[in-house]
Amino acid sequence: MIVSDEELMLECRKGDMSAFELLVRRYQDALVNYIYYTINDYHRAEDLAQETFLRVFKSASRYEPKASFKSWLYTIATNLSRNEIRNRARRNTYFLEDMVDESEDVYQSEFMIDTRYQPDLLYEKKERQQLIKKALKQLPENQRLALTLVTYQEMSYEEIAEILNCSIGAIKSLIHRARQNMKKLLIKAGIGGGVNAKI
Amino acid sequence: MPKYKINECKNVQTQLAAYFDNEVPTWKRHLIRWHLKQCTDCSSRVEAIEQTDKLLRSVEPVKASDTFLSTVMSRATTMKVSQKIHQPLFNRLGCFVEGLQTWMRGNIRAYNLVYMFGLIFAVFTMIGVTLYSPRIEKLNPFTQFRSKSSEVQQERLISFEVILQEEPKRSLKIR
Ligand SMILES: [Zn+2]
């Protein structure tokens, strides 16, 4: 039987460190991935994911299982990511297009195994992934957050509405616009123009 | 294209993202599906959404590094220890009160009726004591002393009045 996040959090409130460890294990990859897509810096994404978990741990004593743990976790992560984006904008270091992705080589290892005998294919795939990431980065902040949550975290509109603190109707139109813009950006980048360009 | 058809397409097109994410009610889903069978424009838009989604999903996800878990756990443990050491008395008291509150809340949830009756009884008793306190005074043995002392005070006042009235008479006699 799988223990729910909320039950683990209640155990954590009592001071059970193993319950907290299980929660970290459950969400570490998804959370790092989510923050990475929103701020586009792997090392900073890891820092912020750690900070998210520590904030959860810090407020464990006051935890009440009213809302879902997952939404709460992602709300903290979203707030931290937003702060990071704003700080970078203030420091003027957040030029999305110029950003060098150092983690690229390390984290493409899985598909490198698949395509190691086809260097052209590997290059093509890698370049296409870069273009897609670049297009995603160019979306407005809220659209990028909503699209990341629905695509990579497979969340429902209700959960996303809770995390981004707006209505389900607003999320519907946000994702609609995000996909429209994404399509335009992909066409501009030379990919995704196979089907009718309109969305 | 007739105007009603354009309106229908507009309506459907705003719902297509939600339709794709399975976020529309079943009845609407059937209507949209029925429309898509007849409308090439709208169905090509759904294909475009599918293609964009496929491209987005083709990006390899990143993973947390191998040291991630151990770093978080050691930082959490340090935090726990330092919290215990530096916790001032006031905070500890706060924690105790908080604990008591949650315990009470849990109990109230569990024995709802009993607690509600107890609470109502306590409130009524307090109101009764405040409003009808003179009646209770009768039962108090010290009230007798209190009334005696007030009688003495009244006597004193009377004697004071008498003295004031008599004084002018004396002065007349002297003259
Ligand atoms: Zn149509």
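**View 1. Arg179(A) and its polar contact with Asp21(B).** In this predicted model, the side chains of Arg179(A) and Asp21(B) form a polar contact at 2.9 Å. A polar contact is a pair of N or O atoms within 3.5 Å; within protein, one must be able to donate a hydrogen and the other to accept it, and residues adjacent in sequence count only if both atoms are side-chain atoms. Arg179(A) belongs to helix H9 of chain A, residues 168-188. Helices (H or I, at least four residues) and strands (E, at least two) are DSSP runs, numbered from the N terminus. Is Arg179(A) buried or exposed? Arg179(A) is buried, as its relative accessible area is 2%; buried means under 20%, exposed over 50% and partly exposed in between, with a 1.4 Å probe and protein chains only.

**View 2. Helices H4 and H7 of chain A.** Two packed helices are described by the angle between their axes and the distance between the axes. For H4 (residues 69-91) and H7 (residues 141-151) of chain A, the angle is about 145° and the axes lie 12 Å apart. Axes are lines fitted to C-alpha atoms, for helices over the stretch in contact, and angles run from 0 to 180 degrees between N-to-C directions. On the H4(A) side, the residues that meet H7(A) include Tyr74(A), Arg82(A) and Ile85(A); on the H7(A) side, Glu141(A), Arg144(A) and Leu145(A) are among them. Contact means heavy atoms within 4.5 Å. The residues of this contact comprise four nonpolar, two polar and four charged.

**View 3. Chain A.** Chain A has nine helices and zero strands. Of its 199 residues, 47% are buried. Among contacts in chain A with a separation of 6 or more, 62% join residues 24 or more positions apart. The accessible surface of chain A is about 9,900 Å², with 50% from carbon and sulfur atoms; accessible areas come from the Shrake-Rupley method with a 1.4 Å probe, and for residues only the protein chains shown count as cover.

**View 4. Chain B.** Chain B contains eight helices and zero strands. Buried residues account for 22% of its 175 residues. In chain B, 42% of the contacts with a separation of 6 or more are between residues 24 or more positions apart. Chain B has an accessible surface of about 14,200 Å², and carbon and sulfur atoms supply 63% of it.

**Notes.** Residues are numbered from 1 along each chain as its sequence is written, and chains are lettered from A and ligands numbered from 1 in the order in which they are written. Local features need pLDDT of at least 70, side-chain atom pairs count only at pLDDT 80 or more, and totals for chains, interfaces and linings use all residues, while side-chain values use heavy atoms, with hydrogens and water left out.

Conventions
Ala, Val, Leu, Ile, Met, Phe, Trp, Tyr, Cys and Pro count as nonpolar, Asp, Glu, Lys and Arg as charged, and the others, Gly among them, as polar.
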